[in-house]
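Please consider the sequence and the structure below together. The paragraphs that follow lead through ring contacts and charged pairs.

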Amino acid sequence: MMSNMSSFNTRSAVMYLLSNMESKKEAEKYLKFFTSVAEQQFAVIKVGGAIISENLEELACCLAYLYHIGLYPIVLHGTGPQVNSRLKKLGIEPNYVDGIRVTDPETMTVVRECFLEQNMKLVTALQKMNVLSRPICTGVFEAEFLDKEKYDLVGRITKINKYPIEASIKAGALPILTSFAETPYGQMLNVNADIAASELAQAFQPLKIIYLNETGGIINGETGEKISVIDLDADYEELMKQSWVKYGTKLKIEQIKELLYNLPRSSSVAIVDVQNLPKELFSESGAGTLIKRGHRVVKISSISDLSSKEDLVSLLEKTGEFASPQQLADQYASQLEQSKIAIYAVEPSDCMAIVNKELEVPKIESFVCSSSGWLNNVSDIIFRSMKSDLPSLQWVVQDFDPHFSWHFENSDGSYSKNGQVLFWYGIGELDVVSATIKDFISSQKLIQSADGNESSEAGSACLAELQNAQPKVKAATKISTSKVAIVGGRGYTGQNIIRLIQNHKYLELKHVGSRMKKGLKVEEYHKSELIYEDLSENDVYNMELNGEIDIWIMAMPNNICKPYVDTIKKVRGNSKIIDLSADYRFSSPDIACYGLPELSDRNEIARAKLIANPGCYATAAQLAIAPLVPYTKGRPSIFGVSGYSGAGTTPSKKNDPDFLNNNLVPYALTDHIHEREISSKLATDVSFSPHVGQWFQGITLTINIPIAPGSLSKDRIMKIYRNFYADEVLVKIIDEIPLVKDIAGKHYVSIGGFQVSQAQDRVVVVATIDNLLKGAATQCLQNINLALGYSEYEGILP
């Protein structure tokens with residue numbers, strides 16, 4: 001159980017969520033999905049009374065996280081255990097008929113007291129976490145007597161008044177409801193909280209209906225295992241025949257079936273414990289029991305069997321693959337009419353695949369899946385159906401496809417060329433594989449590109465979402481020239497920054513400061529003739545006052561940059577600052593933005609006036625550990641070795657080639673500043689042991705990450721990393737161990753060598769980085785590009 005709720009902040013909530021997540025990108029995908037509907041249509045969460053007694057802090061933390069990211073679930077709670085406990089103290093035996101609590105006036109008094117107490121407990125806990133919430137104990141449910149003679153003061157809901165809930169959400173407050181109902185004449189009636197939650201769901205039609213309980217799902221009475229998914233269309237009849245499905249379990253499944261068949265097919269019910277609520281909401285794997293209507297696959301042997309060709313044309317238009325959508329999509333549909341094809345579609349039209357069966361290895365000609373289709377795993381249903389019918393299959397995707405990992409997992413092999421990837425399964429003969437690859441290379445067809453030009457490398461299949469994927473890189477908004485000044489240009493990092501600016505289309509270097517090189521020519525820069533200057537704080541002040549510089553680069557040691565930064569900030573001009581020292585890496589976000597684009601919010605970097613460039617070791621270590629933070633069960637240990645360029649240009653034993661020959665030199669044995677930086681940014685304590693090797697450039701890190709025994713396999717780890725960095729250009733995930741000799745001069749971080757210990761309680765990951773490039777200069781240029789509105793990789797990639 002979490003402690004010290006009053007000290008809760010948004011970061012705490014984020015870390016609580018991430019501790020239950022597999023993938024940051026997966027969570028972002030679901031967040032986008034949940035925010036696509038009206039605020040009150042996100043979720044109805046029914047909270048069992050025992051949750052408030054036993055897990056109040058975890059519940060409040062989860063709800064606080066949702067609140068802080070702009071999601072407003074409708075929360076309805078019960079109070080059964082509290083009522084039973086209080087009745088027992090009063091010497092009253094609880095009375096149930098047909099599973100319904102008989103509520104006489106004396107019992108109603110207890111029910112009312114318990115509801116009010118539990119409601120205020122939850123509201124108070126949320127307020128301590130800076131969450132605005134509104135207790136709504138009455139006024140939502142109108143009811144009539146269910147059977148007064150049999151159950152006494154028990155109601156059957158006849159009407160729902162949405163106004164109190166909608167007004168609460170509109171005011172920015174979470175609505176916290178009890179299941180009390182009233183007759184039109186004001187008589188209070190008790191209603192089962194599960195039934196009330198079901199009625200709420202039918203009224204608001206949310207994407208998610210969640211029942212929080214202690215068991216965390218529906219348990220198979222024979223095996224004792226939790227059931228992960230119930231597909232009502234496919235599983236219901238067989239499930240209800242099971243001997244263990246009886247009493248309350250049977251009633252609950254029947255109620256959920258009735259509920260879901262009155263809601264859109266996109267709605268689902270989840271039964272989960274509070275600890276796993278974030279995982280259930282924001283991951284594909286989930287955590288409790290997910291109950292959904294399911295999807296029926298329709299198989300069609302030709303386009304003529306469709307209700308109309310216009311339906312197919314409409315779907316193809318939405319893929320966005322055609323410059324003149326209606327005309328070209330119509331032509332494409334007409335071409336398919338002449339082919340021997342098979343169509344696999346899911347009702348409603350969340351997903352559709354068109355397969356050309358004329359080839360030796362059938363090929364997917366078009367695969368269309370909506371965002372909700374991907375989120376609800378409809379793509380898996382379609383693919384399983386194809387796989388059961390087709391012993392072998394081939395298909396082509398772009399190498400930046402947002403669902404690349406899904407295609408990879410469903411294939412037996414792949415071949416990449418010209419930005420496209422051919423996937424296949426079920427091809428056993430080597431000569432057939434060779435012929436398939438040869439056809440892929442030679443017969444790529446022309447497809448009209450978005451700008452009206454023809455492209456010969458567009459690929460032979462049309463795989464797309466109904467909604468365009470978000471761009472991998474922040475789009476460029478600027479093409480004009482910007483003026484740059486470097487304070488501290490003598491060192492290795494400064495020299496590499498100068499070379500990168502030389503290759504940048506839009507950056508113009510105006511001043512380079514170096515006291516030791518004052519008066520010498522800046523040899524690495526050729527756009528204009530520049531001389532090193534001894535830039536004083538006063539010089540910097542005047543340049544900023546006159547608006548001479550658009551962005552400043554502070555490339556000096558720790559504690560030396562700060563006076564220059566303070567001088568620039570005093571002017572309150574329009575320039576921005578990139579600080580390569582550690583002076584601002586631990587500052588609050590309102591002072592400086594931490595600029596590790598792959599793990600930071602790129603929009604925050606773009607808006608920031610002062611950006612703290614991360615350390616070299618810290619960059620590689622964070623990127624190597626971040627995907628596994630949710631699985632970490634202890635302190636990761638990092639063994640790092642850097643080339644001697646990391647020790648700078650000032651002579652010392654750490655950059656003396658003679659001293660380092662046949663030697664490995666440990667230093668800063670405890671409390672290295674990068675240890676603090678890594679721990680701070682990952683919100684996970686790490687141990688870090690740095691060393692200097694005899695080579696010049698490049699860092700290698702061997703990282704041991706403790707995990708729960710048996711929780712992760714090597715294949716699962718690889719999947720986690722590939723998903724986490726699927727859209728990142730400067731992070732390479734490889735199978736083999738990355739070598740430091742291969743990283744020098746490269747702009748990316750290489751992560752690989754994934755191994756799990758024999759005891760299955762420890763993961764080993766190896767990462768390499770060029771300390772002068774992605775560990776310093778390249779990352780600096782990424783941040784400059786984001787800050788000034790250029791394409792993130794301008795001047796970095798050819």
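A residue is called buried when its relative accessible area is under 20%, exposed when that area is over 50%, and partly exposed in between (1.4 Å probe, protein chains only). The model is a predicted one, so local features need pLDDT of at least 70, side-chain atom pairs count only at pLDDT 80 or more, and totals for chains, interfaces and linings use all residues. Residues are numbered from 1 along each chain as its sequence is written, and side-chain values use heavy atoms, with hydrogens and water left out.

Aromatic contacts come first. Rings of Phe, Tyr and Trp (its six-membered ring) pair if their centres lie within 6.5 Å; planes under 30 degrees apart count as stacked, over 60 as edge-to-face and the rest as tilted. The structure contains 16 such aromatic pairs. In one of them, the ring centres of Phe115 and Phe180 are 5.1 Å apart and the planes stand at 55°, so the pair is tilted. Helices (H or I, at least four residues) and strands (E, at least two) are DSSP runs, numbered from the N terminus. Phe115 belongs to helix H6 (residues 105-128) and Phe180 to the loop between strand S8 (174-177) and strand S9 (181-182), so their contact ties together parts that are 65 residues apart in sequence. Both Phe115 and Phe180 are buried.

Tyr506 and Tyr790 form a stacked pair, at 5.2 Å centre to centre and with 10° between the planes. Tyr506 lies in the loop between helix H19 (492-502) and strand S26 (507-513), and Tyr790 in the segment after helix H27 (773-788), so this pair ties together parts that are 284 residues apart in sequence. Tyr506 and Tyr790 are buried.

Side chains of opposite charge can pair when their charged atoms come close. A salt bridge is a side-chain nitrogen of Lys or Arg within 4 Å of a carboxyl oxygen of Asp or Glu. The whole structure has 18 salt bridges. Lys46 and Asp194 form one of them, with their closest N and O atoms 3.2 Å apart. Since Lys46 is in strand S1 (residues 43-47) and Asp194 in helix H9 (residues 193-204), the pair ties together parts that are 148 residues apart in sequence.

Another salt bridge joins Arg585 to Glu677, at 3.1 Å between the closest N and O atoms. Arg585 is buried, with a relative accessible area of 6%, and Glu677 is buried at 0%.
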